[in-house]
Every structure is written in structure tokens, then in C-alpha cells.
Amino acid sequence: MTVSRNISDISAADELLALARLDVEKNQLDSALEKLKSILGGPEPDPEAMSMAARVYAQLGLFTRAQGLFRRFLVAHPGAVNEQFQLAMTHMNNSEPAEAEGFFNAILASTPTHPPALFYSALLLSQQGKTLDAKRSLDILLQSAPADNLYAGRGKQLRDAIDAGLQASFEEEQREGGALGQPKTPGDTYQ
């Protein structure tokens, strides 16, 4: 016989957090969020509960709610790189590139070879048309991350796409007048 317990029957925050963790692992986000909200309503919410609830909100596409919880967490733990990265991603997913870029830059200032921050920073830069800056970030990523790292593989694909775009742009420029051998600006030379 199984006994069903209501959340109100569970008073210990550590029990709720453990059960919420299991719910997240099973992708039962509604149940996890119910438990996490109960913990967050307490007088001194567990920082892990804040971080976990923020990730659940982000998975649900509720980026503004996730951002608030990540910020609360970071007040207590300002050096938490994972939560800084997650906060940057919520800004990126919420079409707030300037805010995302600020968090990526903060991460890279303290951890210059952080693979996810390097990759997503480069992706953001390439989307903004800053291809040279994007390629610099990708070069750092590819030089510092092991070849079998997920972000190294994705970084190589992004660099190849950027190079293909730059090559296409260069070829177009050549067709439009550069092929005639005329420099585009006084400092241009063709060798």
C-alpha cells in the first residue's frame, strides 16, 4: 500500500528540496516547482532551491522569473559561474543581447576559458555582425577546450559558418569591383 503525502505534510525544507531534485530529474517540472515555491516562501530559502527554481522557470520559458531568482542567488553567491551563465542565457533567450553580453563578459573576466561562455559569447557577437570578435572568442575556445568538448565541436562549426559567410562576402566584393584590381580604399592592396 502506498501512502500519498501532501506537500503541506512535509515541513522540512531539506526533504522538499530532495524531492524537488528527484522531480526535476524525472522532468516533472510542475511537481518540482510546487515544492520549490514552498521552500522559497520560507523565511530563509535555501540557495540551491533558488537556483533550481530559476532553472525550472527557464525551462518553462519564464525567463523574467528565472532572472529574478538567479539575481537573488547571485547576491548571496556573487562568484557562482554556473548561475551567472544561466542568467546570461535567460537574457539571450529573452532577446536581451546587451544584458547577456554583459554577463558573458563578467564570466570571461574571471574565467577566460569557460567553454559555454566563450561559445555563446561568440554566437551573440556573430549575430550582431561582430565577426572578428566572434572569431577571437572561438579561437580561445578551440585552443583551450579539449577536442571532445561539446562546445569545442560547436565552436568549430560556428567558426566554419562564419568563415563561409566571410568568404561569401569577400567573393561578392570581388565580383562587384575588386576583381578589376582596383583597391576599395587608398590603403587596400592586392598581392
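Predicted model: local features only at pLDDT ≥ 70, side-chain atom pairs only at ≥ 80, totals over all residues.

Visitor: Fine. Start with helix 7. How far apart are its end C-alpha atoms?
Guide: They are 18 Å apart. Helix 7 covers residues 115-127, which is 13 residues.

Visitor: Is helix 7 mostly covered or mostly open?
Guide: Mostly covered. Eleven of its 13 residues are buried.

Visitor: Which residues in helix 7 are buried?
Guide: P115, P116, A117, L118, F119, Y120, S121, A122, L124, L125 and S126.

Visitor: And what follows helix 7?
Guide: G129 does, and its phi is positive, near 85 degrees.

Visitor: New topic. Where does T90 sit?
Guide: T90 is in helix 5, residues 81-93.

Visitor: Buried or exposed?
Guide: T90 is buried. Its relative accessible area is 2%, and the cut-off for buried is under 20%.

Visitor: What does T90 touch?
Guide: Leaving out residues up to four places away in sequence, T90 touches A58, F63, A66, Q67 and F70.

Visitor: Now the rings. How many aromatic pairs are there in the whole structure?
Guide: A search finds five. One of them is F85 with F104, a tilted pair. The centres are 6.1 Å apart, with 45 degrees between the planes.

Visitor: Where are those two in the chain?
Guide: F85 is in helix 5 and F104 is in helix 6, residues 97-110. They are 19 residues apart, so this pair links distant parts of the chain.

Visitor: Are F85 and F104 buried or exposed?
Guide: F85 is buried, with a relative accessible area of 8%. F104 is buried too, at 0%.

Visitor: What about F119 and Y120?
Guide: They form an edge-to-face pair, 5.0 Å centre to centre. The angle between the planes is 85 degrees. That counts as edge-to-face because the cut-off is over 60 degrees.

Visitor: How accessible are F119 and Y120?
Guide: F119 is at 5% relative accessibility, so it counts as buried. Y120 is also buried, with a relative accessible area of 13%. Both are on the list of buried residues in helix 7.

Visitor: Last one. Which residues do the ring pairs link into a cluster?
Guide: F85, F104, F119, Y120 and Y151. So the two pairs we went through, F85 with F104 and F119 with Y120, belong to one cluster, as defined by ring pairs.

Definitions and conventions:
Residues numbered from 1 in each chain as written. Heavy atoms only, no water. Helix = DSSP H or I, 4+ residues; strand = E, 2+ residues; numbered from the N terminus. Expected span 1.5 Å × (residues − 1). Buried < 20%, exposed > 50% of the residue type's maximum accessible area, 1.4 Å probe, protein only. Contact = heavy atoms within 4.5 Å. Phe/Tyr/Trp six-rings, centres within 6.5 Å; stacked < 30°, edge-to-face > 60°.
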